[in-house]
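Hi everyone, thanks for coming.

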Amino acid sequence: MVTRRQVLGAGAAAGAAALLIPAALRTSTAGAAVVPGGTLDPTTIPKYRTPLFVLPAMPMGSSPSSGVDGYSIAARQITQQILPAGCPATSVFAYGAASSSSTFHYPGYTIEARTNRPVRVTWANQLVDSNNRFLPHLLAVDPTLHWANPPGGTAGRDSKPTFSSTPAAYRGPVPFVTHLHGAHTFEESDGYPEAWYLPNASNIPSSFARVGTFYNQFRAEAQGRFGSIWAPGTATFQYNNDQRATSLWYHSHELGMTRLNVYAGLAGMFLLRGGSSDLAPGVLPGPAPRVGDPAGTRYYEIPMVIQDRSFNSDGSLFFPTSRDFFGDATPGGPFIPNTDLPPIWNPEFFGNTMVTNGRTWPTMTVEPRRYRFRLLNACNTRFLLLKVASNPLAARPAPAAKPIWIIGTDGGFLPHPVQTDTVTIAPSERYDVIIDFTGLAAGTQLYLINEGPDEPFGGGSPGTDFEPADPATTGQVLRFVVGSLNSPDRSVPPNLLQLPSATGVGTPTRTRQLSLNEMTSSTFADAPIMGMLGTLSSTGVPQPKTWGDAITEQVGLNSTETWELFNFTEDGHPIHVHQVQFQVVNRQPMVGGGPSRPPERWETGFKDTVIALPGEVTRLKARFDLPGRFVWHCHIIDHEDNEMMRPYTVG
Ligand SMILES: [Cu+2]
């Protein structure tokens with residue numbers, strides 16, 4: 001694989017002038033070619049053979065107390081037909097209702113919740129075989145990062161271990177903890193990356209740490225706060241849902257392993273409905289799946305979890321097993337400890353197939369009416385630029401065949417519906433959209449295409465500033481085929497929608513200057529060894545910090561702050577702050593003092609993840625009203641896993 005970019009050193013090496021290189025001059029080396037991956041050639045996979053899988057609602061468990069919804073959800077290894085019938089099945093990690101093996105699916109079934117009605121979930125790590133012996137990871141775990149590190153024991157867990165020779169991939173039991181992305185929740189229920197736990201397997205080596213550094217503290221807090229006792233191999237988290245109706249998602253969130261556990265399948269959606277921040281039933285296209293729906297129920301509100309994946313010819317997921325895959329250093333390294341280059345971790349991952357709701361390139365029969373889609377980009381690294389086109393192979397940028405109406409994003413409804421041809425969606429962002437197929441003749445075929453790049457996104461437009469994704473593979477997502485109308489569409493046309501109002505976060509009393517950095521190997525000139533977040537000196541010099549450095553963001557309880565994200569790297573990064581739904585203030589060139597840009601039209605609601613583009617400062621404001629220890633991080637999860645995450649505290 002060719003090096004896909006020219007890397008700017010972060011920190012000291014990044015000259016400010018270099019940051020102002022126009023995006024159009026950036027080297028684009030990927031081209032309209034198949035993205036390298038496993039042994040299965042993506043061009044041989046038949047497209048549009050498999051119906052879109054409509055993710056059912058997650059079955060509830062018994063209610064732990066009056067007014068609280070209870071769930072018991074486990075992570076297990078299963079086999080699933082992700083590739084079309086006739087191709088081999090794929091082993092994945094999947095969430096499901098612990099009492100019902102048929103509910104295990106990648107991605108997980110959708111948790112349906114009501115605003116201001118708490119949901120309490122017992123999350124069980126059941127990554128074990130039928131003899132209750134632990135299963136090793138499906139993918140290659142790099143043990144040289146700052147990671148959960150169970151073999152380090154209690155003294156060495158959650159550390160960056162040292163080695164006297166380059167280690168092989170870790171093959172031990174899989175650490176696991178779940179984060180509900182976008183949730184307003186206390187620290188013990190937030191899925192802190194050092195609050196992981198191993199399965200309660202029979203063969204855990206006695207020298208291993210079975211839980212992460214913060215597990216026992218949060219276990220005690222959960223018992224005090226809502227009376228829950230955590231059994232071995234589990235944690236019980238409570239989501240109070242005291243926030244606006246919106247689309248959240250749950251996913252695995254372990255220190256140094258999030259990219260692997262999410263890629264292996266541990267993700268699902270969580271939809272929060274009702275109350276004054278939602279619309280009355282019937283206003284929007286619906287229903288969405290509910291537990292107990294009779295077979296044949298027609299759905300007009302459908303979550304779409306979009307991911308890129310690569311496969312081997314035996315159906316297994318492909319993920320790099322060596323840094324050699326990236327092609328930016330001498331093959332074979334040398335790696336840690338002989339240089340500073342991790343032996344297995346790759347800076348970014350781009351798959352060469354597109355998978356929606358756990359199926360490659362599905363097809364969906366739609367009625368000639370409006371649909372509501374809950375879009376989630378659950379890719380590791382890939383930014384998507386989604387568009388509805390009539391010809392999937394049209395020259396890029398393709399003409400839009402239908403507009404997409406954006407009505408909501410991470411933190412709920414926008415102030416007003418926004419009509420667009422393209423939805424730009426970074427990893428972990430959500431957009432709540434309406435597509436109107438009304439009036440289309442039966443048999444009409446439309447395609448959801450992707451015009452984002454097959455490489456990191458730095459802003460700009462497809463075909464002008466970057467090469468769009470390969471139209472034959474990653475440039476296509478799914479197909480719509482128009483069928484016949486089953487019943488009248490009584491939903492309100494999107495241009496006439498009156499969306500619920502919201503109260504802003506208030507006036508900030510403090511501004512923090514924060515930096516996004518990329519560190520380059522001291523041995524291999526163009527090879528990134530990690531991303532880093534940090535602060536800025538008083539003279540504007542970035543001060544990159546590791547996960548293990550002392551906490552610098554200590555926020556006062558109930559205070560409102562502006563965070564200025566200075567991006568010193570060459571790529572865009574989706575920055576996620578736990579606990580809060582923030583407002584995007586503006587973006588401005590870091591150097592030269594050019595005018596600031598207001599938020600994009602689809603960013604005018606509340607967000608928990610924001611695209612920070614290279615060479616710009618991106619400003620957000622948030623109110624922090626829950627005390628505790630949380631994290632903020634890049635949601636390119638390959639970056640997050642290798643130092644591009646920082647703890648922060650409130651109160
Ligand atoms: Cu990043």
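When I say strand, I mean a DSSP run of E with at least two residues, while a helix is a run of H or I with at least four, all numbered from the N terminus. Strands pair if DSSP finds at least two bridges between them.

Before going on, a word on what you're looking at. This is a predicted model, where local features need pLDDT of at least 70 and side-chain atom pairs count only at pLDDT 80 or more, while totals for chains, interfaces and linings use all residues. Residues are numbered from 1 along each chain as its sequence is written.

Now let's zoom out. The protein chain has four helices and 32 strands. Its radius of gyration is 23 Å, close to the 26 Å that the globule rule gives for 651 residues, so the chain is as compact as a globular protein of that length. That radius is taken over C-alpha atoms, and the rule is 2.2 Å times the number of residues to the power 0.38. The C-alpha atoms fill a box of roughly 70 × 55 × 55 Å along the principal axes.

How is the chain divided? The domain assignment gives domain 1 (30-501) and domain 2 (510-650); such bounds come from an automatic or database assignment. The centres of the two domains, over C-alpha atoms, are 22 Å apart. Domain 1 puts 52 residues into the contact and domain 2 puts in 44. Contact here means that the C-beta atoms of two residues, placed from the backbone, lie within 7 Å.

On the side of domain 1 that touches domain 2, the elements giving two or more residues are α3 (258-263), β16 (404-409) and β17 (412-420). The largest share, six residues, comes from β17.

What about the inside? The largest nonpolar core has 169 residues, and Ile406 and Val433 have the most contacts inside it. A nonpolar core is a set of buried Ala, Val, Leu, Ile, Met, Phe, Trp, Tyr and Cys residues joined through C-beta atoms within 7 Å. Buried means 20 or more other C-beta atoms within 10 Å of a residue's own, exposed means 12 or fewer, and partly exposed is in between, with C-beta atoms placed from the backbone. Both domain 1 and domain 2 give residues to this core, so it lies between them. Leaving out residues up to four places away in sequence, Ile406 touches several partners, including Leu414, Val433 and Trp602. Over the protein chain, buried residues make up 56% of the 651.

Next stop, an open sheet: five strands in the order β25-β32-β31-β27-β29, with mixed pairing. β25 (554-555) and β29 (609-612) are at the edges with a single partner strand each, so one side of each has no neighbour in the sheet. Inside that order, β31 (residues 628-634) and β32 (residues 645-650) run antiparallel, joined by six bridges. There, Val631 stands opposite Pro647 in β32.

Last one: is Thr115 buried or partly exposed? Thr115 has 19 C-beta neighbours inside 10 Å, so it counts as partly exposed. You'll find Thr115 in the loop between β3 (108-114) and β4 (119-125).
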